[in-house]
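This briefing looks at the annotated positions of one model, the shell around its ligand and the strands that contribute to that shell.

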Amino acid sequence: MSEFKQLYSPMLQSAKWYSVQSWALEQTSHGAWLLESESLSRRLAQYCQHFTVAVLAQTIISNDNLSVMERQRVGDSDCLEREVILYGDQQPWVFARTLIPMTTLSGKEQDLVDLGNSPLGYRVFNDKNSRRDALEVANLGTQQQPRWARRSRLWINDKPMLVAELFLSQSPVYAKEKGC
Ligand SMILES: C=C(O[C@@H]1C=C(C(=O)O)C=C[C@H]1O)C(=O)O
């Protein structure tokens with residue numbers, strides 16, 4: 001198993017998520033990232049020369065293995081679980097875990113299985129019928145040294161998927177805080 005997956009997958013899955021309103025995110029530099037409602041991939045790509053995605057794992061998981069909240073967001077179907085690292089100029093910036101219900105992988109959306117190293121966000125937000133809702137934020141670090149994560153539901157043609165993203169220490173989300 002990849003070291004990234006071993007480290008970050010349990011971190012993300014044990015996160016305590018809070019609605020965005022619980023955090024004072026407006027007018028902060030990290031808030032602009034966490035509140036991004038369009039494609040995070042596109043935003044990250046603007047901060048580097050080479051934006052790349054590496055798939056760590058892609059497997060089908062039973063609905064029984066989802067948490068109650070995950071089930072509330074995506075329903076009762078088994079899911080394709082896709083875990084990736086998003087890289088900016090070879091630096092690991094984001095660990096992301098996406099749950100795509102098998103019922104979403106129908107019609108035009110069957111191609112989501114074969115994304116490989118293409119960013120999911122490019123595919124989803126290229127479609128006119130896409131949107132994001134149910135945004136939640138977690139801090140997996142401390143107040144002094146935050147490690148931000150967010151979870152949101154994406155819709156494509158009225159079919160849901162759930163994306164959780166952990167912003168790693170080298171990501172531009174922390175640039176201002178570090179005084180760079
Ligand atoms: C969901 C988006 O796509 C990003 C790309 C992902 C992937 O390729 O698996 C996963 C999560 C995202 O951060 C986005 O760009 O908003």
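In this predicted model, the unreviewed UniProt entry lists Arg82, Leu120 and Glu165 under "binding site". These residues span 84 residues in sequence, yet no two of their C-alpha atoms are more than 12.5 Å apart, so they gather at one spot.

**Two of the listed residues**
- Leu120, which lies in helix H5, counts as buried because it has 23 C-beta neighbours inside 10 Å, where 20 or more are required.
- Once neighbours within four places in sequence are left aside, Leu120 is in contact with Thr98 and Leu115.
- Glu165, which lies in strand S7, is likewise buried, with 25 other C-beta atoms within 10 Å.
- Not counting residues up to four places away in sequence, Glu165 touches Leu40, Val94, Ala96, Ala149 and Arg150.

**The shell around the ligand**
- The ligand is surrounded by 15 residues, of which the closest are Leu40, Ser41, Ala96, Leu120 and Gly121.
- At least two residues of this shell come from each of helix H3 (40-45), strand S3 (79-88), strand S4 (91-101), helix H5 (120-125) and strand S7 (159-167).
- By residue type, the shell divides into nine nonpolar, four polar and two charged residues.

**Strand S4 and its partners**
- Nine of the 11 residues of S4 are buried, so this strand is largely enclosed by the rest of the structure.
- S4 pairs in the antiparallel sense with S3 over 10 bridges, and Leu80 stands opposite Ile100 in S4.
- Two residues lie between the strands in the hairpin of S3 and S4, where Asp89 takes a positive phi near 45°.
- S4 also pairs in the antiparallel sense with S7, over six bridges, and Val94 stands opposite Phe167 in S7.

Technical notes: Residues are numbered from 1 along each chain as its sequence is written. This is a predicted model: local features need pLDDT of at least 70, side-chain atom pairs count only at pLDDT 80 or more; totals for chains, interfaces and linings use all residues. A residue is near a molecule or strand if its C-beta atom, placed from the backbone, lies within 6 Å of it. Helices (H or I, at least four residues) and strands (E, at least two) are DSSP runs, numbered from the N terminus. Ala, Val, Leu, Ile, Met, Phe, Trp, Tyr, Cys and Pro count as nonpolar, Asp, Glu, Lys and Arg as charged, and the others, Gly among them, as polar. A residue is buried if 20 or more other C-beta atoms lie within 10 Å of its own, exposed if 12 or fewer, and partly exposed in between; C-beta atoms are placed from the backbone. Two strands pair if DSSP finds at least two bridges between them. UniProt positions are given in the numbering used here, feature names are shortened, and annotations may be inferred rather than shown by experiment. Two residues are in contact if their C-beta atoms, placed from the backbone, lie within 7 Å.
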